[in-house]
Amino acid sequence: MCFRPATVNQVDHKCPECGTNNLPEATMCARCFAPMTPLSEQDVAAQMAAKEAGMPAPAAPAAPAAPAAPSIPMAPGAPAAPKDDNAVYF
(Lines give C-alpha, C1' and ligand atoms only; values in the text may rest on other atoms or scores of the structure.)
Protein backbone atom coordinates (compact mmCIF):
# COMPACT_ATOMS: atom_id res chain seq x y z
CA MET A 1 0.00 0.00 0.00
CA CYS A 2 1.08 3.50 -0.66
CA PHE A 3 0.21 6.27 1.71
CA ARG A 4 0.32 9.83 0.57
CA PRO A 5 1.49 12.32 3.21
CA ALA A 6 -0.99 14.94 4.29
CA THR A 7 -0.89 18.15 2.37
CA VAL A 8 0.23 21.13 4.38
CA ASN A 9 -1.03 24.58 3.61
CA GLN A 10 2.12 26.70 3.53
CA VAL A 11 0.28 30.00 3.84
CA ASP A 12 -1.98 31.12 6.68
CA HIS A 13 -5.28 32.38 5.29
CA LYS A 14 -7.59 32.17 8.26
CA CYS A 15 -11.32 32.77 8.05
CA PRO A 16 -12.35 35.90 9.97
CA GLU A 17 -15.50 34.14 11.20
CA CYS A 18 -14.41 30.66 12.35
CA GLY A 19 -10.59 30.72 12.12
CA THR A 20 -10.29 27.80 9.68
CA ASN A 21 -7.12 27.86 7.57
CA ASN A 22 -8.03 28.03 3.86
CA LEU A 23 -6.21 28.04 0.53
CA PRO A 24 -4.69 31.41 -0.45
CA GLU A 25 -7.04 31.77 -3.43
CA ALA A 26 -10.20 30.97 -1.43
CA THR A 27 -13.09 33.40 -1.77
CA MET A 28 -15.27 31.47 0.71
CA CYS A 29 -14.36 29.60 3.88
CA ALA A 30 -14.30 25.82 3.39
CA ARG A 31 -15.95 25.29 6.78
CA CYS A 32 -18.50 28.07 7.41
CA PHE A 33 -18.81 29.50 3.86
CA ALA A 34 -18.11 33.05 5.05
CA PRO A 35 -16.92 35.39 2.26
CA MET A 36 -13.14 35.93 2.18
CA THR A 37 -10.82 38.05 0.08
CA PRO A 38 -8.11 36.02 -1.67
CA LEU A 39 -4.52 36.71 -0.58
CA SER A 40 -2.45 38.76 -2.97
CA GLU A 41 0.82 37.47 -4.38
CA GLN A 42 2.67 39.94 -2.14
CA ASP A 43 0.93 38.56 0.99
CA VAL A 44 1.77 34.98 0.00
CA ALA A 45 5.41 35.90 -0.74
CA ALA A 46 5.73 37.77 2.57
CA GLN A 47 4.35 34.84 4.57
CA MET A 48 6.60 32.35 2.78
CA ALA A 49 9.66 34.56 3.38
CA ALA A 50 8.78 34.90 7.07
CA LYS A 51 8.42 31.13 7.43
CA GLU A 52 11.72 30.51 5.65
CA ALA A 53 13.42 33.07 7.92
CA GLY A 54 12.47 30.93 10.89
CA MET A 55 9.99 33.25 12.51
CA PRO A 56 8.02 31.28 15.09
CA ALA A 57 4.41 30.51 14.41
CA PRO A 58 1.85 32.09 16.71
CA ALA A 59 1.41 30.06 19.86
CA ALA A 60 -1.79 28.21 20.61
CA PRO A 61 -3.89 29.66 23.41
CA ALA A 62 -3.32 28.18 26.83
CA ALA A 63 -5.75 25.58 28.09
CA PRO A 64 -8.28 26.83 30.64
CA ALA A 65 -7.65 26.02 34.29
CA ALA A 66 -9.30 22.92 35.71
CA PRO A 67 -12.47 23.58 37.69
CA ALA A 68 -12.28 23.42 41.45
CA ALA A 69 -13.38 20.24 43.21
CA PRO A 70 -16.94 20.33 44.48
CA SER A 71 -17.35 21.04 48.18
CA ILE A 72 -18.68 18.41 50.55
CA PRO A 73 -22.13 19.30 51.85
CA MET A 74 -22.32 19.81 55.59
CA ALA A 75 -24.69 17.84 57.82
CA PRO A 76 -27.90 19.67 58.61
CA GLY A 77 -28.15 21.34 61.99
CA ALA A 78 -30.35 20.07 64.80
CA PRO A 79 -33.94 21.26 64.63
CA ALA A 80 -34.99 23.97 67.05
CA ALA A 81 -37.11 23.02 70.05
CA PRO A 82 -40.79 23.66 69.45
CA LYS A 83 -42.22 26.72 71.15
CA ASP A 84 -45.02 25.91 73.52
CA ASP A 85 -47.00 28.99 74.51
CA ASN A 86 -48.97 27.05 77.12
CA ALA A 87 -45.90 25.81 78.97
CA VAL A 88 -45.54 26.81 82.59
CA TYR A 89 -42.03 27.21 83.91
CA PHE A 90 -41.40 27.28 87.69
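## Overall picture

A residue is called buried under 20% relative accessible area, exposed over 50% and partly exposed in between, with a 1.4 Å probe and protein chains only. By that rule, 12% of the 90 residues of the protein chain are buried. The model is predicted: local features need pLDDT of at least 70, side-chain atom pairs count only at pLDDT 80 or more, and totals for chains, interfaces and linings use all residues. Residues are numbered from 1 along each chain as its sequence is written, and side-chain values use heavy atoms, with hydrogens and water left out.

The protein chain holds one helix and zero strands. Both are DSSP runs numbered from the N terminus: helices are H or I with at least four residues, strands are E with at least two. Accessible surface, from the Shrake-Rupley method with a 1.4 Å probe and only the protein chains shown as cover for residues, comes to about 8400 Å² for the chain. Carbon and sulfur atoms contribute 63% of that area.

Contact means heavy atoms within 4.5 Å. Among the contacts in the chain with a separation of 6 or more, 22% join residues 24 or more positions apart.

## Cysteines

How many disulfides does the rule give? The count is zero. A disulfide is a covalent bond between the sulfur atoms of two cysteines. Here the cut-off is a pair of cysteine sulfur atoms within 2.5 Å.

For C15, the closest cysteine sulfur is in C32, 3.6 Å away, so the pair is too far apart for a bond. For C18, the closest cysteine sulfur is in C29, also at 3.6 Å and again too far for a bond. C15 is buried, with a relative accessible area of 5%. C18 is partly exposed, at 32%.

T20 sits in the segment before helix 1, which spans 41-52. T20 is buried, at 19% relative accessible area. Residues up to four places away in sequence aside, T20 touches H13, K14, C15, C29 and R31.

N22 is also in the segment before helix 1. Its relative accessibility is 4%, which counts as buried. The side chain of N22 has a polar atom 2.9 Å from the backbone oxygen of T20. A polar atom of the N22 side chain also lies 2.9 Å from the backbone nitrogen of A30. A polar contact is a pair of N or O atoms within 3.5 Å; within protein, one must be able to donate a hydrogen and the other to accept it, and residues adjacent in sequence count only if both atoms are side-chain atoms.

## M36

M36 belongs to the segment before helix 1. Is M36 buried or exposed? M36 is buried, with a relative accessible area of 9%.

Which residues does M36 contact, leaving aside neighbours within four places in sequence? They are H13, K14, C15, P16, N22, A26, T27, M28 and C29. H13 is 23 residues from M36 along the chain, and their C-alpha atoms are separated by 9.2 Å.

## F33

F33 lies in the segment before helix 1. F33 is exposed, at 56% relative accessible area. The phi of F33 is near 65 degrees, a positive value in a residue other than glycine. Most residues other than glycine have a negative phi.
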